[in-house]
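The following exercises concern the structure displayed below. Each consists of a task followed by a solution in steps.

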Amino acid sequence: MRKYLLRRALFGLSTLLGVSLIVFVVLRILPGDPLVAMFGIEGFAKLAPADRAHIMADLGLSDPLPVQYVRWMRDIASGSLGRSFFRGDKVSELILHRGPISAEIGLMSVLISWLIGLPIGIVSAFRPNSLSDNVARTMSVLFLAIPGFWLGMLIVLAALFWFNYKAPLVVVQLWQDPWTNLQLVIGPALVLGLGQGAYIARMSRSCLLEVIREDYVRTARAKGLQEALVVMRHALPNALLPVVTLSGILMGFVLGGSVAVEQAFGVPGLGRSLVVAVIERDTIVVQNLVLLYSVIFVFVNVAVDLSYAWLDPRIHYR
Amino acid sequence: MKNGLGVGAMEVARGADLPQRSVARELSAFTRRNPLAAAGGLVGFLIVVMALTAPLIAPSDPLKADFRRMAKPPDATSFFGTDQVGRDTLSRVIYGARSSLVVAFASVLLGTTVGSLWGVASGYLGGRFDLVSQRITEVLQSFPDLILAMAISMAIGTGMPAVIIAIAVTRIPFGNRVIRSVALTVRELSYVEAARAAGSSQPRVMFHHVLPQCVAPYLVLATAHLGVAIIIEAALGFLGVGIPPPTPTWGNMLADSLTSLVPRWWLVFFPGLAITVTVLAFNLFGDGVRDTLDPRLAPAFLRMLTGGRRA
């Protein structure tokens, strides 16, 4: 087990190294000059060439690429992650300030997706092709097609109309004011949760239907167990594994989706920072945030892999 | 990998005694088996027609501002209302279909094709090439789709080609993985072995004998990803890194609606509805294509697409 853990961790680490290289290279082939983004075209034209070179050197952009890459890795190792071009503050501070909100949104959305998706999947598989199954399937097909950020905008619109809702502008952490914080995160979490829930419902239905055909389920029925017990005790645990995997893969959907959904709700989370940094061409911030999102994605999927041994006693890692 | 073997075996069996049927018969059979998918296909087709004939059916010029009719709610002259500078929302939604569809089709075609060819090569050739390819795919799949698309589109600039490339790159790993697994099993089939024994060159075996078996899964993949591509395109537009205004896209129309102090419901509702209907239509059609091309494999295939890491 420990050996497997080590191997999996090393594998994940090497993947992330590849990720960091790709992010770095992609962001350095920027055709636009970051100084143009900083000063505007006119401001850029007014700058003397010496000043330009000076500022570029200040930002660390005039060094050869390998030097810049090594410096980035050193910044990561030191925990500061480098400084934003525009505000001069450390990216690590930005993440510590904005991150908790986005993390809350992400975690809560996964919770919501299971709370909604799994029961619906079970009910659907219980009576395939019944009215409730058809309603559930129609809903999940529908929610797979609705873009989360649009649903978010509609919710904001409705809230404005009926409750005189105002978009939150400041970060309120959970430990500062739980109630205000909840108002901040519940909308995005719900929207993302519904989107994932549709996948979860679909997957748990199809996996349950597959498992229900197995012999041991028939045996359970034959010995006179109630249908509810058959499903909950015998079928469900074996149908869950692919659903857990799917949930891990949906993390990509959550991470990417949260960027757009935070924008729709006007929630000042990490996704908002990423959007602003992309538009301002704040390369240092973007490269760190993109890497962070990938780190989370990879980490979650390694965790999902490891959870297999716990969920299915037949699996042993060596 | 039993599902992969299924594809190979089934395709071989089919190719041998496929009855020649007319397109109309084929279509009507498809409709009878998958009425929902057929409806999706029909709606999708109508949206494509709408995009192609936009200049004919749009009631007015999508770029023409009319300062006498600014931010008007839907009424008899403009069914979907007008935006902050008096442009007709209905016309903009109709023209928006053009960018959405061009980006979706082009990026899925590009991404899936590159991914599939790469997958055939890495599955068939195996060895070190396969190993390296798998590592690169692993890295590409470690990015959340939208985030990777944002970074690429930031790097190579906004505009349609940039958006197409950005979305296409996110589709490559899917094509690569699925088609590679097909190629891995087809490689072991006896007719491929026979071709090799007869002295065919590697590229010849790859293109003439292995590639044709990948067509069905390729089509399934491509149709399955159209909806996702449309959503990513809209999200990029919404976040301000997609096709920039004034070209109307559904995404940048939604972004536009946020600029006014009081959001107008019609500026939010209609572009988003267009996205939803289009994605729904393509998803339903895609499901039908999947069920038709590999009925026995549908659940396994779904798992391969979604939980492919250890399929």
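**Exercise 1: Burial and fold of chain B**

Task: state what share of the 311 residues of chain B count as buried, and describe the secondary structure of chain B.

Solution. Of the 311 residues of chain B, 51% are buried; a residue is buried if 20 or more other C-beta atoms lie within 10 Å of its own, exposed if 12 or fewer, and partly exposed in between, with C-beta atoms placed from the backbone. The model is predicted: local features need pLDDT of at least 70 and side-chain atom pairs count only at pLDDT 80 or more, while totals for chains, interfaces and linings use all residues. Residues are numbered from 1 along each chain as its sequence is written, and chains are lettered from A and ligands numbered from 1 in the order in which they are written.

Next, assign the elements. Chain B has 14 helices and zero strands; helices (H or I, at least four residues) and strands (E, at least two) are DSSP runs, numbered from the N terminus.

**Exercise 2: The core and the chain contact**

Task: identify the residues that touch the most other members of the largest nonpolar core, and characterise the contact of chain B with chain A.

Solution. A nonpolar core is a set of buried Ala, Val, Leu, Ile, Met, Phe, Trp, Tyr and Cys residues joined through C-beta atoms within 7 Å. The largest one has 157 residues, and B:Ile147, B:Met150, B:Ala151 and B:Ala235 touch the most other members. Helix α11 (residues 215-238) of chain B gives the most to this core, with 16 residues.

Neighbours within four places in sequence aside, B:Met150 is in contact (C-beta atoms within 7 Å) with A:Val278, B:Leu236, B:Leu239 and B:Val241.

Finally, turn to the two chains. Their contact takes 38 residues from chain B and 45 residues from chain A. Among the elements of chain B that give two or more residues to this side are α7 (145-156) and α13 (265-293). The side of chain B that touches chain A has 25 nonpolar, nine polar and four charged residues; Ala, Val, Leu, Ile, Met, Phe, Trp, Tyr, Cys and Pro count as nonpolar, Asp, Glu, Lys and Arg as charged, and the others, Gly among them, as polar.

**Exercise 3: A helix pair**

Task: determine how α3(B) and α13(B) are oriented to each other.

Solution. The axes of α3 (residues 35-52) and α13 of chain B come within 7 Å and cross at roughly 135 degrees. Axes are lines fitted to C-alpha atoms, for helices over the stretch in contact, and angles run from 0 to 180 degrees between N-to-C directions. The two helices are therefore oblique to each other; angles under 35 degrees count as roughly parallel, over 145 as roughly antiparallel, 65 to 115 as roughly perpendicular and the rest as oblique.

By class, the contact of α3(B) with α13(B) has 11 nonpolar, five polar and one charged residues. Helix α13 of chain B also holds B:Arg290, which counts as buried because 24 C-beta neighbours lie inside 10 Å.

**Exercise 4: Backbone exceptions**

Solution. Most residues other than glycine have a negative phi, and most peptide bonds are trans.

A:Asn129, not a glycine, has a positive phi of about 65 degrees, and A:Arg281 has a positive phi near 60 degrees.

Terms used. Two residues are in contact if their C-beta atoms, placed from the backbone, lie within 7 Å.
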